[in-house]
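Please look over the sequence and the fold below before reading on.

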Amino acid sequence: MKLPVAPLLRVALGAGALLAPLALHAAGTSDRKVVIDVPQAPPAAPAKPAPYDDKLSELAEIMGSLDFIRNLCGAQQEPQWKSMISQLIDTEAKDEPERKARLTAAFNRGYRTFGAIQTTCSPQLRATADKYRIAGATLATEITARFGN
């Protein structure tokens, strides 16, 4: 990146490049320009996914589906899947915005998948929810057994 600076203020840049435009304006020399190079910060390395991220995304998608079914069927005794996934995401991806976005997208995908095709609660939908609960519990057990501390 190249910044214009007055010749007399080149030394001031050693004290801080952020002050140069203010100093130029105060000195009334903004019409004189010298170009210098300001080093750029290196790009951040992409975050390496955890070895269990695929399974965690699958679990998030299942939880999204169960949240939709819970809301549609009025099963208030069901766990609050949305709050549970929020806690899981905060624990797993607290300082990793890309990972947090992937897990959130997986939850939303599960929710929207059922939202696109289901408008009423039915016995078949309740049976599907039972299968999803079992699949989610199995995934959670596999993840913790294989990757847990």
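A nonpolar core is a set of buried Ala, Val, Leu, Ile, Met, Phe, Trp, Tyr and Cys residues joined through side-chain atoms within 4.5 Å. In this predicted model, the largest such core has 22 residues, and the members that touch the most other members are Leu56, Met63, Ile69 and Ile85. At least two residues of this core come from each of α3, α4 (81-92), α5 (97-117) and α6 (123-147), and the greatest contribution is that of α3, with 9 residues. Leucine 56, when residues up to four places away in sequence are set aside, is in contact with Leu88, Glu92, Arg99, Leu103 and Ile143.

The protein as a whole contains 6 helices and 2 strands, arranged along the sequence in the pattern β-α-α-β-α-α-α-α. Of the contacts between residues at least 6 apart in sequence, 71% join residues at least 24 apart. Buried residues account for 28% of the 149 residues, while the accessible surface amounts to about 10100 Å², with 58% of it belonging to carbon and sulfur atoms.

Helix α3, which spans residues 53-73, also holds serine 65. Why does serine 65 count as buried? Its relative accessibility is 3%, and because buried means under 20% relative accessible area, serine 65 falls into that class. The side chain of serine 65 reaches the backbone oxygen of glycine 110 at 3.1 Å, and, leaving out residues up to four places away in sequence, serine 65 touches Gly110, Tyr111, Phe114 and Tyr132.

Terms used: Residues are numbered from 1 along each chain as its sequence is written. This is a predicted model: local features need pLDDT of at least 70, side-chain atom pairs count only at pLDDT 80 or more; totals for chains, interfaces and linings use all residues. Side-chain values use heavy atoms; hydrogens and water are left out. Helices (H or I, at least four residues) and strands (E, at least two) are DSSP runs, numbered from the N terminus. Buried means under 20% relative accessible area, exposed over 50%, partly exposed in between (1.4 Å probe, protein chains only). Contact means heavy atoms within 4.5 Å. Accessible areas come from the Shrake-Rupley method with a 1.4 Å probe; for residues, only the protein chains shown count as cover. A polar contact is a pair of N or O atoms within 3.5 Å; within protein, one must be able to donate a hydrogen and the other to accept it, and residues adjacent in sequence count only if both atoms are side-chain atoms.
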